[in-house]
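Please open the structure in the viewer and keep the selection panel at hand.

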Amino acid sequence: MMVGIDYSMQAPAACVFSDTPQFWCAHQRSFPSLPSLTTTKISLTEVVPRAEMMAQALIQWLRNFPDVRTVYIEDYAYNATGRVFHIGEHAGILKYLLWLSRYDIVAVPPTVVKKFATGKGNADKNRMTSAFLKDYPTAQRWHATFFPRTAATASIAKSPLSDLADAYWIAKYAQHTLTKK
């Protein structure tokens, strides 16, 4: 059983990859009707309390899988722009709380995950999400729930679907590396 975490400020997501993938995400909305997805509704706006709340919720969800002791998390995109310091604060709080909870943390470069999922290390969100929907067809039903007003016209690579796709590929990559050894 492997865990992949795509950690962001808006919609962090995680996937426990086993026979049937299980997903978690934090979002401004909750999605109770989706099987195999647990959602934590985000209501806080201040950076540090929000980061702690999301990290604690993720760790609480991980406790449903007592055999999991190692988590794979997407490493920083070092060419990123924008609110990179805020992203670092969020990820730092998560990593610290995971460490306190005695999880081992393995950081995987985004280019490695993208190449594993699509064959291209510079794949964009659309390509990653398309590959996810092809590899895990159950998620195709999620699109209408996540984007009820725009399902016909919206790009498929919107949050939280793109975040769940990244978490899935990180977990699947972790499983792949484990079976290679």
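Select α3 and α6: the two helices pack at an angle of about 85°, with their axes 10 Å apart. This makes α3 roughly perpendicular to α6, a label given to angles of 65 to 115 degrees. Axes are lines fitted to C-alpha atoms over the stretch in contact, and angles run from 0 to 180 degrees between N-to-C directions. The model is predicted: local features need pLDDT of at least 70 and side-chain atom pairs pLDDT 80 or more, whereas totals for chains, interfaces and linings use all residues. Residues are numbered from 1 along each chain as its sequence is written, and side-chain values use heavy atoms, without hydrogens and water.

Next, display the side chains at this contact (heavy atoms within 4.5 Å). From α3, V112, V113, F116 and A117 meet W169, I170, K172, Y173 and H176 of α6. Seven of the contact residues are nonpolar, one is polar and one is charged.

Just after α3, select G119, which takes a positive phi of about 90°.

Finally, show the whole protein, with its six helices and six strands, assigned as DSSP runs (H or I, at least four residues; E, at least two). Buried residues make up 45% of its 181 residues.

How values were computed:
Buried < 20%, exposed > 50% of the residue type's maximum accessible area, 1.4 Å probe, protein only. Parallel < 35°, antiparallel > 145°, perpendicular 65-115°, else oblique. Nonpolar A, V, L, I, M, F, W, Y, C, P; charged D, E, K, R; others polar.
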